[in-house]
Structures are given as structure tokens and as C-alpha cells.
Amino acid sequence: MTKFKKITSLILALMLIACVFCACGDAQGDTEETTPAPIAPKTADELWQLSMDKMNSLKNYTLTTSGKMKFDMEVPSQVPGFLTSKTSIVSTFVGTAAYSYYDGVLRHLEESSSTLTVNGKNEQSSCDITGYLDGKMFACYETNGIKNRFYSNVDQADYEAFMLENNDEGIEDTMNSADFGEKSFSQNADKSWDITMSKPSGETLDFLKEMTAALSGLVSVSDATFAATIREDFTVSAMRVDFVLKNEQESATSSMVIEAKVENVGTTAVKTTDISRYTEVDDLRVLTWADDALKDRLNADAGKFELTLSQKILVGAEEYKSNESDSGIFSSEGGYNYKITSENDGGKFELSYKDGKQTVRSLDTDQSQTSDVDELSARAFIKGLLDCGEFSIDNVTEIKTLSDGKYQLITTRPDMSFAESITGDVDAGSLMGSATYTFTVVDGKLTECERKINATWRANGTACSVTI
């Protein structure tokens with residue numbers, strides 16, 4: 001279920017981002033004016049704009065977000081004569097984000113936790129803490145009880161710029177009321193407002209679809225209903241988004257709901273944290289820069305790449321080496337497709353995919369073989385080539401800045417399926433390993449990524465290792 005763990009981690013991370021109005025308010029002062037505006041909105045668009053203007057002016061508030069995704073599907077049996085099996089994946093999420101300015105000094109804390117269950121069994125639990133306190137940016141990533149804690153000294157102005165850079169699409173941009181085809185609003189007895197918007201299109205629909213991008217080929221967003229309660233002073237009190245998901249597999253059903261509430265307006269007190277329990281790194285922002293750059297490449301609809309791969313396997317005193325070079329191009333124009341030329345010790349091959357068909361052709365003998373492959377698997381194949389270790393910030397144990405735009409990150413627990421395929425028929429037992437990533441980022445774009453994956457195991461009492 002590694003695939004679904006990765007899918008839900010992405011969706012849950014996006015849930016919190018989706019509901020953040022603004023990472024930093026005006027640093028002047030430490031109180032909020034809550035005098036009701038002497039304006040009576042005449043349309044839902046006007047009400048929403050007044051609310052967004054008010055929320056973006058706030059200097060202190062706490063946002064609480066929760067969400068749930070449920071995905072049911074029937075998995076065909078790989079054994080002839082056996083029935084399909086039903087799989088139910090449920091992921092739940094809760095998060096809080098507190099922003100406060102006191103005498104121009106920023107304090108910021110975000111905490112989130114999530115659980116993933118498959119057929120009622122808890123497969124993964126995680127907790128993330130990120131924030132800024134007394135000139136220090138800090139983060140704690142915990143997955144199934146394993147924690148990685150970091151901090152770095154960052155000037156407040158630089159941190160504020162970093163937050164604005166990484167939250168440049170707040171809810172006021174991504175939930176544009178003009179993009180909704182159906183809208184209604186009304187005022188309650190306590191002078192608060194209720195607003196409901198559905199039938200999204202344009203950039204708003206594109207943003208909502210991004211939340212399920214990792215499920216491409218299984219589900220997509222076909223509609224969503226957004227509802228909010230807005231206080232008399234136009235601050236948001238609560239929000240809810242109900243997604244209508246279109247299933248690409250007839251046997252699948254799915255649902256996704258996000259809820260949020262805003263509290264402590266003007267009075268937020270951000271908790272402190274014990275920095276002595278964290279490891280100091282050069283610049284914690286590197287983690288986000290590298291991760292975002294890699295995601296941009298992995299989620300691209302089109303691109304080209306050059307890969308070189310070297311492998312060394314040690315089984316006792318025996319050593320086996322192999323080398324491979326790949327050149328590929330992929331695109332979603334006219335339906336997802338790719339073409340890769342691969343040269344290794346066994347010869348030169350061309351691997352292509354189009355219209356649900358994957359063809360492997362030997363460029364040495366001109367013999368070919370074609371098989372049916374679904375689009376989800378085809379996309380996963382390209383992503384596997386571009387990130388064979390499945391990079392995850394939760395697994396990062398070391399962060400280094402090698403030079404301007406060049407970063408090195410060391411992870412534990414990389415995906416070992418790549419190494420397992422290399423070991424072939426050897427009884428590899430349990431593979432343990434680590435990975436070193438070196439990212440080169442130019443103008444925010446990932447231009448080069450080097451990976452070194454090391455795995456060790458014992459087979460029949462013999463020490464073995466593989467280096468990729």
C-alpha cells in the first residue's frame with residue numbers, strides 16, 4: 001500500500017494549504033478592530049470579497065482544519081479462479097495554524113496529524129510541526145513514531161518572504177467566487193452571513209483538481225460545493241468543501257470533505273517549543289525548495305529527461321556491476337504517452353507508450369513486444385524513473401547547502417522496490433537502506449538530481465548489499 005500512503009500524504013498536505021488565507025499579516029500593532037463594516041453586500045461576490053479583504057488584514061488568528069478522504073475499489077485477483085478483493089482506504093486529517101504579531105514580532109506555528117487505514121487496519125500515522133519562533137525556523141516530521149527535528153536561524157523578514165513565496169495561492173485566489181456557476185447568500189438573526197457556492201470552473205476548478213492529482217487515472221474532481229459562515233465584521237467563522245469525485249474505475253467509490261474554522265481573532269497566543277530537542281541545519285528552507293522543485297518535475301504533464309544509472313551488488317565476496325543510460329520524453333497531449341531510448345549491458349531498446357499500449361522494441365534485432373498498460377501505471381512508471389527512491393521530507397535526516405542552488409538531503413527508509421527488482425530471485429529478506437539526494441535548482445527549477453541508494457540484507461546467512 002506504499003502508493004496509497006504517498007497519495008494521501010499529498011492530499012492531506014494540500015488540505016491545510018488550501019485553507020490558509022495569508023501566512024503573514026501587517027506587522028504593525030497587536031490588536032484587531034472588529035467594528036462591523038457599515039456595508040451591506042448586495043451579491044455573493046461582494047460578500048466574499050469583503051470577507052477576504054478582512055481576513056487578509058488580520059494579524060492574529062488560529063485556523064483549525066480537518067478532512068476525510070474515503071476511497072473504495074475492487075482489486076482484480078492476480079490468481080486465476082479467485083474473486084476480486086474489495087479494498088477500502090480511509091484517510092483523516094486535523095491541523096491547526098496560528099499566526100501572531102506582537103509589537104511587530106512574528107510567531108507562527110502549524111501542527112497537523114493524519115491517519116491512514118486500509119481495510120480497517122492502521123497503516124500509517126503521521127504528525128508534522130512547522131513554525132517560526134524567536135528568530136528560528138523549525139520543523140518536526142513524525143511518521144509511525146519516528147521523528148526528525150530541525151531548526152535554522154532565519155531573519156524574520158526572510159522568513160516572511162519565504163512564507164509569502166510558498167503560500168502565494170491563498171484561499172482568496174484559489175476559491176475565486178467568480179468561477180462558481182451557482183451562488184447564494186443570506187444573513188442570519190445574529191447578523192452573521194452564510195454563503196454557498198457550487199459548480200466551479202476555471203482556475204478554481206483547476207486548483208480543486210490539484211488536490212486529487214496523485215489519484216489521476218482513478219478519480220478526478222467533477223464538482224464541489226463550498227460553504228462558509230461569515231461573522232458580522234466579515235471575518236470567516238467556518239468553512240466546508242464537499243467534493244464530487246468522478247471515478248475512472250466503475251468499481252470505485254470515493255468521497256472527500258474539508259472543514260475549517262477561524263478562532264481567536266486578535267488574541268492568538270502561539271505555543272513555544274523546546275529548540276534544544278532539534279538539530280540545527282544550515283537553512284531549513286532548503287527542504288521546501290528541493291521538495292517543491294522535485295514535485296514540479298514529477299507532476300509535469302510534459303517533459304524530457306536524461307538518466308544515467310549504475311548498480312553494484314555485493315553478495316559475500318562476489319561483485320556484480322551494471323550500467324544504463326536512458327533518454328526520454330513524455331507528454332499528455334493527445335492522451336498520455338512517452339518514448340524512451342535505453343542502452344545497457346544487454347543492448348539498446350526503445351520503450352514507448354500510447355493509447356493504452358506499451359511497446360518494447362530491441363534496436364539491435366528490431367524485435368518488439370506490445371502489452372496493455374493502463375494510464376495510471378504508465379504515469380507511475382515515469383515517476384519511478386525520475387524518483388526511484390520516492391523522496392519524502394518525512395524521511396530526511398540531514399540537510400546541507402553545498403552551494404548556491406545546490407542542496408544535499410539524506411533520507412532513511414527509501415522505497416526499496418527498485419532494489420528488490422535488482423536482486424531478482426535472491427532471497428533478500430528484509431532490505432534496509434538510506435538514500436542521498438543532491439538537488440541542483442536554478443531559478444526555482446530542478447535541473448539535475450543525483451541519488452545514491454544503499455541497501456543491505458542477509459541471504460542464507462551471507463551479507464549482501466546493493467548500491468544504486
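Reader: Which residues does tyrosine 159 touch, not counting residues up to four places away in sequence?

Author: This is a predicted model, in which local features need pLDDT of at least 70, side-chain atom pairs count only at pLDDT 80 or more, and totals for chains, interfaces and linings use all residues. Residues are numbered from 1 along each chain as its sequence is written, and side-chain values use heavy atoms, with hydrogens and water left out. Contact means heavy atoms within 4.5 Å. On that basis, tyrosine 159 touches Leu106, His108, Gly131, Tyr132, Met137 and Val154.

Reader: Where is confidence lowest in the chain?

Author: The predictor's confidence in each residue is given as pLDDT, from 0 to 100. The chain has a mean pLDDT of 81, and strand 7 (residues 180-187) has the highest confidence, at 95. Helices (H or I, at least four residues) and strands (E, at least two) are DSSP runs, numbered from the N terminus. Confidence is lowest, at a mean of 38, in helix 1 (residues 2-18).

Reader: Is valine 244 buried, partly exposed or exposed?

Author: Valine 244 belongs to strand 10 (residues 236-247). Leaving aside neighbours within four places in sequence, valine 244 is in contact with Ser220, Val221, Ser222, Asp223 and Ala224. Buried means under 20% relative accessible area and exposed over 50%, with partly exposed in between (1.4 Å probe, protein chains only). Because its relative accessible area is 41%, valine 244 is partly exposed.

Reader: What separates the C-alpha atoms of valine 244 and serine 220?

Author: Along the chain, valine 244 and serine 220 are 24 residues apart. Their C-alpha atoms are separated by 8.5 Å.
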